[in-house]
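Subject: Structure for you to look at

Hello,

Here is the structure I promised to pass on. Please open it and keep it beside you while you read.

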Amino acid sequence: MHREGLPYAMLAHQNDFTFIYGSFSRLDAKNKIIVVSAVEAHSGNEIIPERELSYSKLCIAVGSTSHYFNTPGAAENTISLNGPGDAEQFRREMLKQMTWAENQKERTPDVGVDVIIIGGGATGVELAAELREASSRYLDYGFRQLDPSKDIRITLLEGAPRILPPLPERVAATATKLLEERHIKVVPACRVERITRDQVIDTSGQVYPYQICVWAAGIKAPAFLAKLGLPTTPSGQLEVTNRLQVKGQADIYAIGDCAACVMADGSRVPPRAQAAHQQADYLYRSFIYEHRRGQSVRAAYIYRDYGSLVSLGMASSVGTLMGSLKGRSWFVRGGLARMLYVSLHLLHHGAVLGWARTCGLAIARVLVRRNTALVKLHY
Ligand SMILES: Cc1cc2nc3c(=O)[nH]c(=O)nc-3n(C[C@H](O)[C@H](O)[C@H](O)COP(=O)(O)OP(=O)(O)OC[C@H]3O[C@@H](n4cnc5c(N)ncnc54)[C@H](O)[C@@H]3O)c2cc1C
């Protein structure tokens, strides 16, 4: 995780923009001012006071957060994957539970770690596959009593009739098969009703006991957006025009997961990295155009779907690639899909770091992988 993260302060230093640490919390659109909240130390002491910043153009790109759909017990009992802190919490919990199971194994042969992942979208599917692979690797480092495929029991619950609902049926069927080959139990059409400290209960009364439960079932916009006095959808996203301008606001724009942008066919631009990337690119070009020509860009933003790839571990991926010819899509799987998945990751790094550094980092990563444990082993 720490090897992949690119700090905003470093990016700002290298790309000539200013990074200000703190949370955007309030807006005075009339006077073109935003308020950045005070920053507190761990002790609760305020170390940086609240600040006001003025703007001539404001672009809001605050992403999204978990949507629990008012499911009782979901927020309190599950781990979500909103950021590095959540991922670290999950990793530590997994390690502790495996240590517990390892110590119990001799006395109680049936003991294991039950992991429930709620939500069979790309995040849930990738997590299930990566977890199976990571848990096998943990066992190389001293968990001698546990059998990875039998004792780390991973169950993926999905409310829709199949996993990966927005992707083509063939992708979902292949992903299901690959997950089941990895001893991951896939339960479609399962509507979670409530979650207790150690059980997930669905609407049919079926009970799924767990030691770790991950919520990957949906996202919504951060709650503070609804209090800014800007137009929002029922799920809290900012309503934007097809020029990514917040409706009714001349100099306020929104992009990425927090923006609700309706396409020509009436559907919404999906909350994906490729959409956020395209929107940032569009807005950058339109600001430059406006600055040089003194008038707004004419062409509206159009979302282009280049396909989706879902990683199923180090050796395999599955997905579709969209061609420009009559909107045709190609189904890809296995090593080729994995190669494309890794190339996409490198493309992202190339876009923010430049190609020389991306190549250097890619070579360094191969060397590091050969010489260290592939999983982080400390608690
Ligand atoms: C586990 C996981 C896996 C994913 N995998 C894929 C994938 O494989 N492919 C894909 O296309 N998409 C994937 N996504 C979705 C993708 O990450 C998002 O669609 C994309 O990051 C959205 O970009 P964004 O800039 O809108 O928001 P983000 O990337 O979430 O960035 C928002 C930033 O705003 C900051 N922020 C939030 N509130 C405030 C505030 N009040 N003040 C200041 N800063 C604030 C946040 O800390 C964050 O750094 C994944 C998402 C998750 C959670």
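This is a predicted model: local features need pLDDT of at least 70, side-chain atom pairs count only at pLDDT 80 or more; totals for chains, interfaces and linings use all residues.

The ligand

The shell around the ligand has 17 residues. Tyr8, Phe24, Asp257, Arg272 and Ala273 come nearest. By class, the shell holds nine nonpolar, six polar and two charged residues. Helix 7, residues 273-293, supplies the largest share, with three residues.

Look at the polar atoms next. An N or O atom in the side chain of Tyr8 is 2.8 Å from an oxygen atom of the ligand. Phe24 uses its backbone: a polar atom there is 2.9 Å from a ligand nitrogen. A polar backbone atom of Arg272 is 3.4 Å from an oxygen of the ligand. Taken alone, the ligand exposes 990 Å², and the protein buries 55% of that.

The cores

In soluble globular proteins, nonpolar side chains tend to be buried together. The largest nonpolar core here has 37 residues. Met94, Met98, Leu164 and Leu179 have the most contacts inside it. Several elements each supply at least two residues, among them helix 3 (84-104), strand 9 (113-118) and helix 6 (169-181). Helix 4 gives the most, with seven residues.

Which residues is Leu164 in contact with, leaving aside neighbours within four places in sequence? They are Gly120, Gly121, Ala122, Val125, Val171, Ala172, Ala175 and Val310.

There is also a second, separate core of 28 residues. Ile34, Leu230, Leu244 and Tyr253 are included in that second core.

Best wishes

How values were computed. Residues are numbered from 1 along each chain as its sequence is written. Side-chain values use heavy atoms; hydrogens and water are left out. A nonpolar core is a set of buried Ala, Val, Leu, Ile, Met, Phe, Trp, Tyr and Cys residues joined through side-chain atoms within 4.5 Å. Buried means under 20% relative accessible area, exposed over 50%, partly exposed in between (1.4 Å probe, protein chains only). Helices (H or I, at least four residues) and strands (E, at least two) are DSSP runs, numbered from the N terminus. Contact means heavy atoms within 4.5 Å. A residue is near a molecule or strand if one of its heavy atoms lies within 4 Å of it. A polar contact is a pair of N or O atoms within 3.5 Å; within protein, one must be able to donate a hydrogen and the other to accept it, and residues adjacent in sequence count only if both atoms are side-chain atoms. Accessible areas come from the Shrake-Rupley method with a 1.4 Å probe; for residues, only the protein chains shown count as cover. Ala, Val, Leu, Ile, Met, Phe, Trp, Tyr, Cys and Pro count as nonpolar, Asp, Glu, Lys and Arg as charged, and the others, Gly among them, as polar.
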